[in-house]
Amino acid sequence: MNDTSSTAAPRTPRKLSRETRRLQLIEATIETLAERGYARTTLTDVANQAGLSHGLVNFHFQKKEKLLTETLVYLAEEYRQNWTEALAKAEASPAAQLDAMLRADFNPEICTSPRLSAWCAFWGEAQCRPLYQEHCGANDEAYSSVLLDLCTALAKEGGYQFNPSRAARVLRVTLEGVWLDMMTSNTPYDRAESLATVYACAAAFFPRHFDGSGRI
């Protein structure tokens with residue numbers, strides 16, 4: 001059957017702003033990283049994914065390394081905006097703020113299979129570690145600092161007897177581990193189960209504030 005009128009992809013407008021085209025190519029890079037991994041991704045793959053010419057990709061990014069760097073920076077800034085906006089919308093109490101941070105990781109706008117795969121592609125490449133630290137290290141430090149402050153405040157409020165810095169570290173690595181597990185498990189689970197797993201960790205440290213289903 002040759003009729004593809006109902007499934008053909010819509011044509012991409014030829015004239016888009018430079019920033020719109022750049023974002024289109026970064027989104028195509030995320031999809032390509034998810035399918036092909038870091039080492040096998042090429043400018044041609046990204047062009048094909050975006051439905052554009054190789055020359056146009058080359059015009060915007062010149063080389064693969066620049067495209068991948070800007071994609072990483074884009075993902076890092078998207079992640080930072082996601083959790084900071086979640087905090088800004090939450091109640092001021094430490095439990096509500098921590099809950100907002102935990103939930104933010106499973107926002108369906110950032111917790112998608114292509115984005116998780118792209119993050120895994122960057123994390124899995126040793127050559128990306130200096131690049132990651134250069135462009136994302138400050139974001140990670142800010143995140144960890146807020147998480148530590150919230151764990152410290154909750155420990156004081158609830159009279160919990162543990163080291164807040166270790167609690168914050170365990171929560172952070174649990175969040176990172178769940179993201180990784182969602183991509184590598186033979187029987188992957190959904191965002192709801194992932195969040196429940198993180199809540200189980202929070203409940204172990206803050207049983208008067210959290211249980212396995214969320215904030216009490």
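Helix 4 supplies the largest share of the lining of the largest cavity, three residues. The model described here is predicted. Seen as a list, the residues around the largest cavity are Leu75, Glu78, Tyr79, Ile110, Arg115, Trp119 and Trp179. Helix 6 joins helix 4 in giving at least two residues to this lining. By class, five of the lining residues are nonpolar, none is polar and two are charged. The volume of the largest cavity is about 30 Å³, and the count of cavities of 30 Å³ or more comes to one.

**Pockets**

The largest pocket holds about 430 Å³ of space. Its lining is made of 22 residues. Which residues lie nearest the centre of the largest pocket? They are Tyr79, Trp123, Tyr132, Asp140 and Glu176. Helix 4, helix 6 (113–123), helix 7 (128–158) and helix 8 (164–184) are the elements that give two or more residues to this lining. Helix 7 gives the most, with nine residues. Twelve residues of the lining of the largest pocket are nonpolar, three are polar and seven are charged.

In the second largest pocket there is about 200 Å³ of space. Residues from Glu78 to Ile110 line this pocket, among them Gln81, Asn82, Glu85, Ala86 and Lys89, and also Arg103, Ala104, Asn107 and Glu109. Helix 4 gives the most here, with six residues. The lining of the second largest pocket has three nonpolar, three polar and five charged residues.

Tyr79 lines the largest cavity and is one of the residues nearest the centre of the largest pocket. Glu78 and Ile110 line the largest cavity, and Glu78 and Ile110 also line the second largest pocket.

The volumes are set out below.

| Space | Volume |
|---|---|
| Largest pocket | about 430 Å³ |
| Second largest pocket | about 200 Å³ |
| Largest cavity | about 30 Å³ |

**Packing of helix 1**

Helix 1 (residues 18–40) packs against helix 4 (residues 64–89) at an angle of about 100°, and their axes are 10 Å apart. Angles of 65 to 115 degrees count as roughly perpendicular, and helix 1 and helix 4 are therefore roughly perpendicular to each other. On the helix 1 side, the contact is formed by Arg22, Leu23, Ile26, Glu27, Thr29, Ile30, Leu33, Tyr38 and Ala39. Helix 4 meets them with Lys64, Leu67, Leu68, Glu70, Thr71, Tyr74 and Leu75. The contact of helix 1 with helix 4 has ten nonpolar, two polar and four charged residues. Leu75, in this contact, is also in the lining of the largest cavity.

Helix 1 also meets helix 6. Their axes come within 8 Å and cross at roughly 65°, and the crossing is left-handed. From helix 1, the residues in contact are Glu27, Ile30, Glu31, Leu33, Ala34 and Tyr38. From helix 6 they are Pro114, Arg115, Ser117, Ala118, Ala121 and Phe122. By class, the contact of helix 1 with helix 6 has eight nonpolar, one polar and three charged residues.

Glu27, Ile30, Leu33 and Tyr38 of helix 1 meet helix 4, and these four residues meet helix 6 as well. Arg115 of helix 6 is in contact with helix 1 and also lines the largest cavity.

Terms used
Residues are numbered from 1 along each chain as its sequence is written. This is a predicted model: local features need pLDDT of at least 70, side-chain atom pairs count only at pLDDT 80 or more; totals for chains, interfaces and linings use all residues. Side-chain values use heavy atoms; hydrogens and water are left out. Axes are lines fitted to C-alpha atoms, for helices over the stretch in contact, and angles run from 0 to 180 degrees between N-to-C directions. Angles under 35 degrees count as roughly parallel, over 145 as roughly antiparallel, 65 to 115 as roughly perpendicular and the rest as oblique. Contact means heavy atoms within 4.5 Å. Ala, Val, Leu, Ile, Met, Phe, Trp, Tyr, Cys and Pro count as nonpolar, Asp, Glu, Lys and Arg as charged, and the others, Gly among them, as polar. On a 1 Å grid over the protein atoms alone, a cavity is a set of points where a 1.4 Å probe fits but cannot get out, and a pocket is an open set with protein on both sides within 12 Å along at least five of seven lines; lining residues have an atom within 4 Å of a point. Grid points are joined across faces, edges and corners, and a volume is the space filled by probe spheres set on the points. A crossing is left-handed if the near helix is turned anticlockwise from the far one by less than a right angle, and right-handed if clockwise.
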